[in-house]
Structure formats: C-alpha cells, structure tokens
Amino acid sequence: MSRIELGHTADYHVHLRQGEMMELVAPTVREGGVSIAYIMPNLTPPLTDIDRVVQYQKDLQKLAPKTTFLMTFYLSKLLTPEIVAKAADENVIRGIKCYPAGVTTNSQAGVDPNDFSAFYPIFEVMQEKGLVLNLHGEKPSSHDSGEDIHVLNAELKFLPALAKLHKDFPELKIVLEHCTSKAAVDAIHELNKDLKPNEEPKVVASLTAHHLFLTIDDWAGNPVNFCKPVAKLPEDRRALLNAAVSGKPYFFFGSDSAPHDLSKKSTHVGVCAGVYTQRYAIGYVAEIFDKAGKLDKLKDFVSTFGNTFYCMDESKLVCKDKCVLVKKEVEIPDVIAFDDSKLKIAPFKPVEKLSWSTEWI
Ligand SMILES: [Zn+2]
C-alpha cells in the first residue's frame, strides 16, 4: 500500500492565531494534508461577536482559498442566547469553545468549570440549533483547596463535569478536546456504551497527533513538546492510540496545532504551551498508525468520523480536492522560518523523518 485516498480530511481543532502569525500558518493547513479546519476562538480579545468571526473567516479564506474554515465562538459572559441563536441561523459558527479560566494560552476570559449553570440558557440554544460544545477538559490547578489539582490530574478531575453536562443536555453535541488520559478515553467509552450500531454519538473526544507519540518524559525538559493538557504516562499514551485506531466513531482527529514564535518556546521563564504540527499534520498521524499496523483505520480517524459528527459533506466545501497519503519520505526541519518574517516556529519532531506525505487530487 503506497497510496491511500483519505477523502476530505479534517482537523477539528486548529489554532491559526492573528496578525503575522496567522498569515504564516494559515496556508500550512493545506500543506499538512487537511481540507477542513475547525478554528479556535482564543484570539486577543476572544471571539465573542458575529462581526469579528465573519471578518476572521474572510481573512483566513483570503490566505488559504482552498481550505474550508469552520468557525467558533469563545464561551464567555459576553455571549447571550440571542447572539448564539443568530450566529447559528446565519451559519457563522459551527460550535462554541469552552476554556476553564487560566488553563492555557489566552484562556483568562474563560469560565469556572465547577459550575456551568450560568451558561445553561446558551447550551439550551446550542442543543436546539445543533451547535457543538467544544470543551477544554481540565480543571485549573489548585494546590491549597485540598483538591490538589495539578497538570497530571486536571483532566481526570474534569470528567464528572462532562458527565453532568451530558446528563443535563442529552441531545447537545459535546467534544472533549485533545483528550490525554486513559481515564478520559474510558469515560468516553462509558458515555457511549449504549450506542446502537447506526446511532450517532453525542459525546466524543478529539485526539491530537502529538499526544499519540508523547509521554511525560518527552516534555519534562523539552519545551517543544510542552503543551496543555500535558502528555501523561505510557499507559495513557497507549490508551489514546488504541482509541484512535479503534474504529469507534466517537474518537477523531483534532491536531490542537498551536504555533508560538521560537522566542516564546526557548526562554527560561514562562514557556508557552503548544505543539505545532500543522504543516505535517496527516503525516504524523499516518506515521503512528503505520507503526501500529492500522493504516486501514486512518481515513475514518482523519475524515469520516469527524465529518459525520459535524455534518460536513462535499456541498459545504470551498474546494472539493481529496487528500491522498503517499509513501514518500519527508524530513522535518529544525526550525520553520518564513521569507520576509522574523517569526520562527519549532515544529514537532524536529530533524526527524516521516515516511508519509500528502498530495491532492
Ligand atoms: Zn487548543
């Protein structure tokens, strides 16, 4: 098998930033073999109004005319059920991202995951309109409360809140984003245990490329691999890989590719969390699926399952090209530099080789 047609590949968790960084990385979505990109709203200030989302999508489209961009709001007190209903009716957004306050890049405006009740009127509207709730599933660290929450258990401690949301809004589509632990994988299986063969799941998890490779030893001392949620233990990584190749429709790809300028990664204080995988996104996933002997499951993971969950079909794409995985070696550079820019990005797996590239037909 040296060529595999992957269809309309989709990455359901993408950070493209703003300003010069956006100009540099928006075109790399397609270079990485991705046709549909689901765009995160954690800009400064966060995306909470229709006009700014429309403008952001226009800007991205100009930079990458063949990529289909799906847009999101940032869940905050600035949103109202009326704004959300209007944005849904006008097809401006496909979902809303929820960040617990303070857990990752530009999340200061986020919400308190101990109590979502203030947002229930918004979830009501989302459920009715078929919008997707995207959860950054971590509780903020707290060392003095007796709860002892830290980067290794922050996701585990969030899981009861996920179960409660699903119970309170059984028809709401919910994604536990960038799931990193065996506990989270088990929770998603459990929430879907009564799913009938042709029934569509309501609660799913997205999995990144880098968490399929990394464990705690890979980021302790290596800022390129440092991201939130952090990569966990070997048994967690195994659980994620098993979930990715399981053929279950409630696990699909969302890279959480998060570019930072090299100066923010190579500093002795305040290293930014985020791994940049966009330019080789499908190649990374293919590499690990290949190693697991599961390339036959790749198309489901990177196109079919996510597109079904988000109700995407060919009629909604700006470009109908299909992605083909090709057995062709590619070497990842040490640093990605761009012409006419001082910005540099450290890619995931610098100076390593991938066995697979992508083409478009
Ligand atoms: Zn993210």
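Pro-45 sits in the loop between strand 3 and helix 3 (50-63), where helices (H or I, at least four residues) and strands (E, at least two) are DSSP runs numbered from the N terminus. The peptide bond leading from Thr-44 into Pro-45 is cis, with omega near -10 degrees. This is a predicted model, in which local features need pLDDT of at least 70 and side-chain atom pairs count only at pLDDT 80 or more, while totals for chains, interfaces and linings use all residues. Residues are numbered from 1 along each chain as its sequence is written, and side-chain values use heavy atoms, with hydrogens and water left out.

A cis bond also joins Lys-228 and Pro-229, with omega about -5 degrees. Pro-229 belongs to the loop between helix 8 (216-219) and helix 9. Two residues other than glycine have a positive phi: Asp-256, near 55 degrees, and Cys-311, near 55 degrees. Most residues other than glycine have a negative phi, and most peptide bonds are trans. Asp-256 lies in the loop between strand 10 and helix 10 (262-265) and, at 7% relative accessibility, counts as buried; buried means under 20% relative accessible area, exposed over 50%, and partly exposed in between (1.4 Å probe, protein chains only). Cys-311, in the loop between helix 12 and strand 11 (323-331), is partly exposed at 37%.

Back at strand 3 (residues 36-39), Ile-36 and Tyr-38 point one way and Ala-37 and Ile-39 the other, and all are buried. In a regular strand the side chains alternate between the two faces of the sheet. Strand 3 pairs in the parallel sense with strand 2 (residues 10-14) over 3 bridges, pairing being called when DSSP finds at least two bridges between two strands. Here Asp-11 stands opposite Ala-37. Strand 3 also runs parallel to strand 4 (residues 68-70), again joined by 3 bridges, with Ile-36 opposite Thr-68.

Next comes an open sheet of 6 strands in the order 5-6-7-8-9-10, with parallel pairing. Strand 5 (72-74) and strand 10 (251-253) stand at the edges with a single partner strand each, so one side of each has no neighbour in the sheet. Neighbouring strands are turned by 30 degrees against each other on average, direction ignored; the axes are lines fitted to C-alpha atoms, for helices over the stretch in contact, and angles run from 0 to 180 degrees between N-to-C directions. Strand 5 is joined to strand 6 (residues 95-98) by 3 bridges, and Phe-73 stands opposite Ile-96.

The side chain of Arg-94 reaches the backbone oxygen of Gly-130 at 3.0 Å and that of Tyr-310 at 3.2 Å. Among the residues that Arg-94 touches are Tyr-38, Leu-70 and Cys-311, contact meaning heavy atoms within 4.5 Å.

As for the helices, helix 9 (residues 234-244) has buried residues including Asp-236, Leu-240 and Ala-244. The buried residues of helix 9 pack against helix 7 (182-191), strand 9 (203-207), strand 10, helix 11 (281-291) and helix 12 (298-309). In helix 11 lies Ala-286, which counts as buried at 0% relative accessibility. Ala-286 touches Leu-295, Leu-298, Leu-325 and Trp-356, not counting residues up to four places away in sequence.

Notes
Polar contact = N/O pair within 3.5 Å; in protein donor to acceptor, adjacent residues only side chain to side chain.
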